[in-house]
Amino acid sequence: MIAPLPPVATARSYRPPGSLVIRIEGVTKLYRMGAETVHALRGVNVEIRRNEYLAIMGPSGSGKSTLMNMLGCLDTPTGGRYDFNGKNVAHMVDDELAEIRNREIGFVFQTFNLLPRSDALHNVELPLVYAGVGPAERRERALEALKNVGLGDRVHHKPNELSGGQRQRVAIARALVNRPSILLADEPTGNLDSRTGEEIMALFEQLYDQGNTIIVVTHEEDIARHARRIVRLRDGLIERDERPGA
Amino acid sequence: MLLSEILRMAFRSLGVNKLRSFLTMSGITIGVFSVIGVMTTVSAMRGSIETGLSFLGVNMFQIGKYPNGIQLSGENRRRVEQRRNITLEQAQRYRQLMEGWSDVVCLKVFNRDGPVQVTYANRKTEPGVNFGGTNEHFLAANQYSIEAGRNFTPEDVDLGRPFAIIGQDVLKRLFPSESPLGKMIKVGSRTYTVVGTFAAKGSNFGQSQDDIVMTPITRFLSDHGAARFSITIATQAPSQEVYNETVDRAITAMRMVRSLQAEDENDFELYSNDSLIAVFAQVADIVRAGALVISAIALLAASVGIMNIMLVSVTERTKEIGIRKSIGARSRSILMQFLIEAVVLSLSGGMVGILLGVVTGNALAVWLNAAVVFPWDWAAIGLLTCTIIGVTAGLYPALKAARLDPIESLRYE
Ligand SMILES: Nc1ncnc2c1ncn2[C@@H]1O[C@H](COP(=O)(O)OP(=O)(O)O)[C@@H](O)[C@H]1O
Ligand SMILES: [Mg+2]
């Protein structure tokens, strides 16, 4: 059993936007498939500030994942400019990008992407290993992160001994353990049933309340509803940028 | 990132594929085992072989029809076998020629007619006693000493008296509770009076040196047919300084005795403790070189195996690499992870090889009555080689892993 979670807040909290974290300008992405070229992004502009809770919406194939991978410094744009915390990502060397992925960004994938042979604790400790945190502090912080996502009693379970929702919680704990500036989640509920998906979204709500900045990619209106701002993508372009709650 | 973290990761992932890791390691183990085993055996045996081969007294060299301690092959063996025997007359001529320069010249000959059994009253020895004829210089030549009774005198030898000096093994068998001196022992149908006993010498190459009966050489030859035997002559140089000169004189004297013309080659062999040890050293070097070649080949094959397994591992773990990179692993950390894995594979294979090699080599040494050794130098070289192999074989796969694109590798299934 996972620890009970607080219900989705009926009166939703709202934190005023803080400093600029992400700024992209005219970003394009081309994929070359033999003779054919796929324009996954055709010139996207967006600014994201601390304390935002943003959903990127759009139909399948609209370029959501491509954009998200770029924001997560996992992929590089073909054209345009991406500044993270005021620094142009194109000018960063590999090690700086690794550092950003390690300390500034927590990435949550649709397919969890946990190390299958390591238990929950070790999976959550891993970013701290690469951050050079010592074993004792690492363990303590990983345990705390697991407790925070309601998995305090599952720390020695391997991914295949956990349910889908629990796996995603481990992945979220891993994304947050190094206290990143921003949490990126690409269809975090895509592999979960709707009830479990709601639980994960409740967790995101709670994380937002705790002061995290969150970007969620989804193609489901129900999921996007949780966010304070929704960016709609279509065919590689931003169609609309709305703030329903504001 | 700390080395201890990387090591932990390496052991963790090698533990996942235990059988594969073990098989990959075993190539290295075999390569290291063969060289360490041989080196251990050779160094363990060197001491005992050197004392074993040093049976001659100080500053002594020996002349005989056959070279000692060397296995001759085809051509050479035939040439040596065609040589004339060194007869007693020739040996005595040689002795006369050396007189005034070297006074310690031992003539000796040993039985070649199969196992010898010595009997006294109703007691008898095991068959296989060393039975031979010699003169008063046998003690100096072969490093024996008299325990009871006396040595042969020149007179005993000149007159061919039927006397015998017996070793401790023979003594214990035939005279467990009485003095052997003056007693008549029988070798075959011949009877000899015991005039002395040799002090114990222990064994050499697992063979007792106390299982011996010596008689005056003249007596031995007349009893057993002089024509069939070739005499071996041991000569002692008066001092180390004149050793080489003595050898030169001995060769000249021997050539005269053998009536060789200026153009003829020596038809006898001359050897010393040192030359025998040198022959052993040469054989040992060949064995070592052989072991090195074999292990080099095995290690080369093993390092190809490691590289192969590491490449497979990088491909299989593409997703894992993507995950690690996505949470902030630097390329260098990934490189080190795979490199250390290869080094751990290779080094643990090497350590097992060293362990097995030392154990096997020493077991062999103990079996051959040699002292136990640990070849630190070869173990160190082995570990260093394994490290180099691990780095070399692991470098390309590790670079390949480190250079993987994070998003491409995350997509890999
Ligand atoms: N690695 C790739 N190679 C080629 N085309 C790709 C690749 N990744 C995405 N695409 C294409 O780019 C477009 C956008 O994909 P994606 O960003 O995954 O969309 P979404 O996540 O919104 O479904 C799609 O047409 C997709 O086929
Ligand atoms: Mg997608």
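Me: Which backbone atom does the side chain of Thr218(A) reach, and at what distance?
Reply: This is a predicted model. Thr218(A) sits in strand β8 (residues 214-218) of chain A. The side chain of Thr218(A) makes its approach to the backbone nitrogen of Glu220(A), at 3.0 Å.

Me: Is Thr218(A) buried or exposed, and what is its relative accessible area?
Reply: Beyond four places in sequence, the residues in contact with Thr218(A) are Ile56(A), Met57(A), Gly58(A), Lys64(A), Glu187(A), Ile223(A) and Ala224(A). Buried means under 20% relative accessible area. Thr218(A) is therefore buried, with a value of 1%.

Me: Where does ligand 1 lie, and which residues come nearest?
Reply: Ligand 1 is placed between chains A and B.

Me: What part of the area of ligand 1 does the protein bury?
Reply: An oxygen atom of ligand 1 is 2.8 Å from a side-chain N or O atom of Ser65(A), and a backbone N or O atom of Gly63(A) is 3.1 Å from an oxygen atom of the ligand. On the chain B side, a polar side-chain atom of Arg411(B) is 3.1 Å from a nitrogen atom of ligand 1. Taken alone the ligand exposes 560 Å², of which the protein buries 70%.

Me: Which element supplies the largest share of the shell around ligand 1?
Reply: By class the shell holds five nonpolar, six polar and two charged residues. In chain A, β1 (20-33), β2 (36-49) and α1 (64-71) each give at least two residues to the shell. The largest share, three residues, comes from α1(A).

Me: Why is helix α8 of chain B largely enclosed, and how many of its residues are buried?
Reply: The buried residues of α8(B) are Ile217(B), Thr218(B), Phe220(B), Leu221(B), Asp223(B) and His224(B). Their cover includes α4 (88-98), β2 (105-110), β5 (130-134), α6 (154-159), β9 (190-198) and β12 (212-216) of chain B. The helix, residues 217-224, is largely enclosed by the rest of the structure because the number of its eight residues that are buried is six.

Me: Which residue follows α8(B), and what is its phi?
Reply: The helix is followed by a glycine, Gly225(B). The phi of Gly225(B) is positive, near 90°.

Me: What is the phi of Phe112(A)?
Reply: Most residues other than glycine have a negative phi. Phe112(A) lies in the loop between β6 (105-108) and α3 (120-130) of chain A and counts as buried at 9% relative accessibility. Although Phe112(A) is not a glycine, its phi is positive, about 70°.

Me: Is Gln143(B) buried or partly exposed?
Reply: Gln143(B) is in the loop between α5 (138-142) and β6 (146-149) of chain B. Gln143(B) has a positive phi near 60° and is a residue other than glycine. With a relative accessibility of 39%, Gln143(B) counts as partly exposed.

Definitions and conventions
Residues are numbered from 1 along each chain as its sequence is written. Chains are lettered from A and ligands numbered from 1 in the order in which they are written. This is a predicted model: local features need pLDDT of at least 70, side-chain atom pairs count only at pLDDT 80 or more; totals for chains, interfaces and linings use all residues. Side-chain values use heavy atoms; hydrogens and water are left out. A residue is near a molecule or strand if one of its heavy atoms lies within 4 Å of it. A polar contact is a pair of N or O atoms within 3.5 Å; within protein, one must be able to donate a hydrogen and the other to accept it, and residues adjacent in sequence count only if both atoms are side-chain atoms. Accessible areas come from the Shrake-Rupley method with a 1.4 Å probe; for residues, only the protein chains shown count as cover. Helices (H or I, at least four residues) and strands (E, at least two) are DSSP runs, numbered from the N terminus. Ala, Val, Leu, Ile, Met, Phe, Trp, Tyr, Cys and Pro count as nonpolar, Asp, Glu, Lys and Arg as charged, and the others, Gly among them, as polar. Buried means under 20% relative accessible area, exposed over 50%, partly exposed in between (1.4 Å probe, protein chains only). Contact means heavy atoms within 4.5 Å.
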